[in-house]
Amino acid sequence: MTRAIDRIVMVVFDGLRPDVVTPDRMPTLAAFLGEARRFTRASSVFPSITRVCASSIGTGAPPAVHGIVQNAFPDRAVRGDRLVDTANPDDLRDAVATHGPGFVATPRFADALAAAGRRLAIVHTGSAGGAFLLDPRARANGSWVFSVHGRTSTETPAAWDSAVARLGAPPAKSLPQAGMMEYGARVLTEVAFPEAQPDVAVLWLNEPDTSFHYLGLDGPGTRAALAASDAAFARVLDAVRSAPDGGARTAVIAASDHGHIAVTERLPLAEHLAELGFGAALDALHDDLTIYPGTACCFWQREPDPARLRQLAEAVREQPWCGPLFTLGGNGVEGTTPGAFDLALLGAAHPRAPALVVQLRSSGATDPYGLPGVSLIAGKDLPLGGGMHGGLNRAEMANLIAFRLPDETDGETEDRPVSLIDLAPTILGLLGLPPLPSMVGRDMLGPPAARPERLLETGAGSYRQMLHLFGEGPGAVLHRAWRTA
């Protein structure tokens with residue numbers, strides 16, 4: 001179906017759990033969903049971590065294709081003394097300088113827009129690295145990209161100059177970040193819209209993610225963050241309606257990149273591993289095991305050692321804190337160690353990927369606010385009761401995806417499985433542009449993709465785990481994984 005759409009505006013609410021979008025918490029977004037086409041079985045990618053998600057939104061592909069496998073990961077050629085931090089644009093720029101354009105070469109919908117003579121604007125209130133990963137070639141593409149982290153953290157510094165000249169500098173950080181939400185919305189509507197006149201505009205709001213992390217999933221401060229994000233969304237909708245055509249040819253997308261799960265207990269992971277005979281460092285390089293921790297922990301070996309990796313996986317598998325377990329390599333379903341799944345099932349097998357991934361034990365039990373999903377956590381400076389994400393618990397994987405299209409006035413829901421990787425081909429499809437060959441996602445507004453439901457089980461000894469997904473290969477939609485025994 002050909003749609004009469006000239007412009008797309010997408011607002012990404014970082015970390016927003018769909019089940020907290022209620023009229024009392026977020027009245028504007030709740031009303032919008034009543035008028036929109038909403039996908040109720042939407043999923044994040046794995047790991048369900050922000051910069052991995054941003055790369056998947058931009059590329060229409062999972063980490064196995066785009067290669068951003070975690071928020072931080074070891075690459076001693078780029079940073080010999082610490083992990084490469086994808087929040088830091090200098091780390092990403094240095095990685096490109098070290099490895100060549102191939103480090104972030106997977107084309108994004110931004111590149112397809114530029115090739116078609118279309119204009120993209122991005123206003124990003126999260127990390128500068130997140131803005132970079134949505135459009136690494138922003139200058140060459142002629143995009144208009146603004147990051148609140150400053151002129152040198154913005155790929156198109158003229159955008160920073162224009163915004164600051166009109167609105168002043170971004171407000172100081174606070175918790176909740178209500179002022180930052182208002183500022184980001186004003187940059188988009190008062191500066192980017194008139195100056196860049198974009199065909200596609202993206203506003204990335206870093207709330208409620210920040211408040212979920214530090215204030216809990218439904219406390220008073222978090223409610224204030226939700227309200228501020230909702231008000232920013234209302235400002236964007238008002239600007240769309242104020243366009244000369246009244247927004248009659250504008251599609252609006254509301255999305256979130258991942259969900260959140262409440263953390264209820266800290267796991268001293270390095271100490272446990274030492275008891276098992278393994279040296280390890282969390283969030284730092286180590287000569288034995290380098291670990292990016294959280295609710296799902298990624299393990300890299302300094303030098304590949306399959307026998308020692310198998311020993312590690314078998315030892316960890318027997319621990320009561322171990323949930324789903326994945327190894328890099330295998331036969332496409334079973335991993336290299338008995339009881340483990342192959343990381344390829346998750347669309348996460350890449351040369352930079354960790355050799356072992358361990359999701360810490362989690363469940364669907366309710367948190368202190370009555371929201372489902374609790375987990376152990378390793379590392380991270382979060383208070384108990386705060387939110388985290390990264391793993392395959394459904395509370396972490398569930399995200400928001402909804403479209404309000406000019407030719408659809410009645411809201412409807414669809415329960416077919418879709419994923420973040422489907423956003424890029426859908427954006428291009430709305431503008432009548434074909435998907436790029438590297439995009440394994442599907443146009444959500446086109447014919448339904450064939451993604452058969454799969455429920456997989458594996459285990460060894462007394463350990464058993466299950467994985468629920470739809471489809472096969474890198475285009476699969478991940479639903480959840482859990483340990484059964």
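Trainee: Which element gives the most to the lining of the largest pocket?
Mentor: This is a predicted model, where local features need pLDDT of at least 70 and side-chain atom pairs 80 or more, while totals for chains, interfaces and linings use all residues. Residues are numbered from 1 along each chain, and side-chain values use heavy atoms, without hydrogens or water. Helix H2 (50–59) and helix H10 (209–215) each give two or more residues to this lining (helices are DSSP runs of H or I, at least four residues; strands are runs of E, at least two). With 4 residues, the largest share comes from H10.

Trainee: How many residues line the largest pocket?
Mentor: A pocket is an open set of 1 Å grid points that fit a 1.4 Å probe, with protein on both sides within 12 Å along at least five of seven lines; lining residues have an atom within 4 Å of a point. Nearest its centre are Arg51, Asn71, Asp209, His213 and Tyr214. The lining residues number 32.

Trainee: Why are the buried residues of H4 on the same side?
Mentor: In helix H4 (residues 89–99), the buried residues are Pro89, Asp91, Leu92 and Ala95. They lie on the same side of H4 because the arc they cover around the axis, taken to the C-beta atoms, is only 160 degrees.

Conventions:
Buried < 20%, exposed > 50% of the residue type's maximum accessible area, 1.4 Å probe, protein only.
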